Amino acid sequence: MAPKPKPKPTASSSSQPPPPIEDLFTSLNLHIQRSQFDQAVKVADQILLVAPSDEDAIRCKVVALIKEDRIDDALSTIQASQRLPIDLSFFKAYCLYRQNKLDESLESLKSQEGSSTAMLLESQILYRLGKMDACIDIYQKLQKSKIESLEINLVAGLVSAGRASDVQGTLDALRVKATSSFELAYNTACSLIERSKYKDAEQLLLSARRVGQETLMEDNLADDEIEIELAPLAVQLAYVQQLLGNTPEAMEAYTGIINRNLADESSLAVAVNNLVALKGPKDISDSLRKLDRLMEKGNGAKSFQLSNGLESKLSPKQRETIYTNRVLLLLHANRMDQARELVAALPDMFADSVMPVLLQAAVLVRENKSGKAEEILGQFAEKFPDKAKVVLLARAQIAAVAGHPQIAAESLSKIADIQHLPATVATIVSLKERAGDIDGAEAFFDSAIQWWSNAMTEDNKLTVIMQEAASFKLKHGREKEAARLYEELVKSHGSVQALIGLVTTAARVDVDKAEAYEKQLKPLPGLKGVDVESLERTSGAKHIQTDSRVGITEAYEESKNKEKAKKKRKRKPRYPKGFDPANPGPPPDPERWLPKRERSSYRPKRKDKRAAQVRGSQGAVVREKHEAAGSDTSANTSNSKSDQATTSKGSSQNAVASQSKPSSKSSKKKSRK
């Protein structure tokens, strides 16, 4: 049977025409006012079906998608509208900013220059990129524009740029109190922490928490939501306790934040990192598990990386700190493969930082490859001289521990900021002396003296350097140069120690000069009536004891005599009778106190298996048993005479048994022959 044909749709069964576009826009506006952004997207799609190029509908749809955190869908809508004469570059830049594609976001903002909203977004992008100076410049330009809460971002930028000392002046210029909002109080407290005013920061953070609770309760937020909003304050308060040395309180606060899990993702990550740093190498497995919760598996070189939310919310410095702590924990746990893999990915993540190369050197040192670590640190210092200070210090430390004093001294001498400080000079001279480079150590002393001679500083260390240089030269037999330095010190500073050193040194090379400067020394009391010539004729000078020291000397002699009396006289060792110590003979067996079976010379006796074999016909043993049983019965029923017979019988049997054994031995000997 053939199938029936489908009926053609009639006018009544066809889809109803869309509502008027005015009604759709009214509905769209209503959904936006009620924050029903998912419904707003659906209504915008209905408008675009009627009018595909309507600019207002496209903008409303993009904004609604952004409000719904559907950033990918918003970008797709923007891409689909590129052919239309609509400028959506600002929305595109914001979407790329939300996706942490910061360079592309800046590129998209170039067509929006001059707009206050575009400048505000640009400042946020620069802040995320770590370009704080450019970020602050934009904020300062925007001060004339009446942008709400601009001072909060400005203070955050000043703190991140290392200009915490400018925060209070900026607030005074803006005529704003730090406690006007809990966000501003939090940022101001961070500036106090940077200035090491921890008590003031703690008080301001407590005020910020109180203001925040009052503000958020007025907005009718639930208690859990309030705690999540104020989580950064709780983490920062715990950090202040850590800086104040209240370690148990800080650990308890961090642990409570982590266990309650009522914090935003970035605050939770900071709490975990600070707790791990506070615990150090204790409980490494637990610390690694906590850090692993912040990570997600990636592809390629980045096998482990922070989750997408943390990558976009944390600053580069915070992210670098978390990765650094993870590498250090892996080294403590001796997971070298994972540490090596993570260190290899860090240079691409933090190209402008010195931390990746320092961690790479740490991994090599742990693998006993100190030479390779010194090599890569030296190459980095030559390639980036503006970042070389920390790298050269690390190289000097590694070389000194590895027994390479010349490399350590060379690394320290390349740091221009500290190479002439007394501590650095002493370290370099000691390293060169250990390496046997006495001439190099002396030359470094001379360069330090030259530098301090030309230095125009109030705290001049020339005297200290010259004194140590003279002592060094005198120690290594260079009396003339030592005497010259001492003489310069005496003439320029009038140092008594230098005068004593000059007289002592010059007496070896120039007696006349020594006698001339000796006259400048103050005479010692009690030596005016001393006849030097008579002293020279005596065997030696004797110390004259004063009345105050006679008692001390006598007490010392008495204690010394008592110690001598307590000493026992040595007795001759007693030897056994007939023992000649001159010819002791072979040494005794060291195993003589051990049981025979435990001595190394013990050999167990072999058991003769043939001795246990039964000789004779079958039943012989059974008959002997019956005879023995019968003899026992007769012995029980007989008199004393029969007892004697039984005894003799038993003895005769024993004699037979004793005779049978040598016969077996003799047969064994015959068989061997």
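Modeller: What follows is a set of questions and answers about this structure, which is a predicted model.

Colleague: Let us begin with the overall picture: how many helices and strands does the protein have?

Modeller: The secondary structure comes to 34 helices and 2 strands, and buried residues make up 33% of the 673 residues in the protein. Among contacts between residues at least 6 apart in sequence, 46% join residues at least 24 apart.

Colleague: Why are helices H19 and H21 called roughly parallel?

Modeller: Helix H19 covers residues 316–332 and helix H21 covers residues 355–366, and the two pack at an angle of about 0°, with their axes 11 Å apart. Angles under 35 degrees count as roughly parallel, and H19 and H21 are therefore described in that way.

Colleague: Which residues make up that contact, and how do they divide into nonpolar, polar and charged?

Modeller: From H19 come Glu 320, Thr 324, Val 327, Leu 328, Leu 331 and His 332, which meet Met 355, Pro 356, Leu 359, Ala 362, Val 363 and Arg 366 in H21. The residues of this contact divide into 8 nonpolar, 2 polar and 2 charged.

Colleague: What makes Ser 105 a buried residue?

Modeller: Buried means under 20% relative accessible area, and Ser 105 has 0% relative accessibility, so the residue counts as buried. Ser 105 lies in helix H6, residues 102–109, and, leaving aside neighbours within four places in sequence, Ser 105 is in contact with Ala 93, Leu 96, Tyr 97 and Ile 125.

Colleague: Where is Ser 411, and is Ser 411 buried or exposed?

Modeller: Ser 411 is placed in helix H24, residues 405–413. With a relative accessible area of 0%, Ser 411 is buried. Once neighbours within four places in sequence are set aside, Ser 411 is in contact with Leu 392, Arg 395 and Ala 396.

Colleague: Why is the pair of Tyr 94 and Tyr 97 called tilted?

Modeller: A pair of aromatic rings is described by the distance of the centres and the angle of the planes. The structure holds 6 aromatic pairs. For Tyr 94 and Tyr 97, the ring centres are 6.2 Å apart and the planes stand at 40°, so the pair is tilted, given that planes under 30 degrees apart count as stacked and those over 60 as edge-to-face. Both residues lie in helix H5, residues 89–98, and they are 3 residues apart, about one turn of the helix. Tyr 94 counts as partly exposed because its relative accessibility is 27%, whereas Tyr 97 is buried, with a relative accessible area of 11%.

Colleague: What makes Phe 445 and Phe 472 a pair that ties together separate parts of the sequence?

Modeller: Phe 445 lies in helix H26, residues 438–454, and Phe 472 in helix H27, residues 462–475, so the pair ties together parts that are 27 residues apart in sequence. Phe 445 is buried, with a relative accessible area of 6%, and Phe 472 is buried as well, with 8%.

Methods. Residues numbered from 1 in each chain as written. Predicted model: local features only at pLDDT ≥ 70, side-chain atom pairs only at ≥ 80, totals over all residues. Heavy atoms only, no water. Axes fitted to C-alpha atoms, helices over the stretch in contact; angles between N-to-C directions. Helix = DSSP H or I, 4+ residues; strand = E, 2+ residues; numbered from the N terminus. Parallel < 35°, antiparallel > 145°, perpendicular 65-115°, else oblique. Contact = heavy atoms within 4.5 Å. Nonpolar A, V, L, I, M, F, W, Y, C, P; charged D, E, K, R; others polar. Buried < 20%, exposed > 50% of the residue type's maximum accessible area, 1.4 Å probe, protein only. Phe/Tyr/Trp six-rings, centres within 6.5 Å; stacked < 30°, edge-to-face > 60°.
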